Amino acid sequence: MQDRFQDQNFRLKDFQEEVAVACPKCNKKALTTVNYEEKKAKLTCTHCGFHDVKDTLLTHLGYTANYKADASTYFDVETWYCAPFKNDIFFAYNEAHLLYLEQYIGAKLREHKDRSHFTLLEKLPKFYHEAKNREPLLKLIDKLKNK
């Protein structure tokens, strides 16, 4: 556990192009990726070989929109790093996101330089910030890392 954490001003969108998910075939860890320029999302499972590709253009009421959703949204699958925490849900899109949250939660001193009021950390639910939840959240993160 670190004593000091400096906010790197990441936003949730910085982690959403690669999302770890439960494979719809074997229920083991798989990976979804999205390429917004090519308008394609892919799901790949290295355990069972399952592979799927989807178009990311969403059509609603006759209009086509290029919505930049997280990679898992296009496949209706469960996020791998997701678990209940008290009356809330803790989640991370991928290992990098999980590590960033772990560093933030584990730090006793949290520095926010050049705040933009739109960073990932500023948008987190209150339970992520509370000192009383530090140890239980770190245990949960450790459990998710070893899942």
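Which residues is I105 in contact with, leaving aside its neighbours within four places in sequence?

## The nonpolar core

In this predicted model, I105 is in contact with F90, R110, Y128, R134, L137, L138 and I141, once neighbours within four places in sequence are left aside. The largest nonpolar core has 41 residues, and of these F90 and I105 touch the most other members. Several elements each supply at least two residues of this core, among them strand 3 (29-35), strand 9 (88-92), helix 1 (95-106) and helix 3 (134-145).

H97 is found in helix 1, and it counts as buried because its relative accessibility is 1%, which is under the 20% cut-off. Not counting residues up to four places away in sequence, H97 touches L12, F15, F91, A92 and L120.

E135, by contrast, lies in helix 3 and counts as partly exposed at 43% relative accessibility. The C-alpha atoms of E135 and I105 are separated by 8.7 Å, although the two residues are 30 apart along the chain.

## Salt bridges

The structure holds four salt bridges. In one of them, the side chains of K29 and E95 meet at 2.7 Å, N to O, and this pair links strand 3 with helix 1 across 66 residues of the chain. K29 is partly exposed at 27% relative accessible area, whereas E95 is exposed at 52%.

K145 forms a salt bridge with E102, with the closest N and O atoms 3.1 Å apart; because K145 lies in helix 3 and E102 in helix 1, the pair ties together parts that are 43 residues apart in sequence. A further salt bridge joins E130 and K126, whose closest N and O atoms are 3.9 Å apart; E130 is partly exposed at 22%, while K126 is exposed at 63%.

How values were computed:
Residues are numbered from 1 along each chain as its sequence is written. This is a predicted model: local features need pLDDT of at least 70, side-chain atom pairs count only at pLDDT 80 or more; totals for chains, interfaces and linings use all residues. Side-chain values use heavy atoms; hydrogens and water are left out. A nonpolar core is a set of buried Ala, Val, Leu, Ile, Met, Phe, Trp, Tyr and Cys residues joined through side-chain atoms within 4.5 Å. Buried means under 20% relative accessible area, exposed over 50%, partly exposed in between (1.4 Å probe, protein chains only). Helices (H or I, at least four residues) and strands (E, at least two) are DSSP runs, numbered from the N terminus. Contact means heavy atoms within 4.5 Å.
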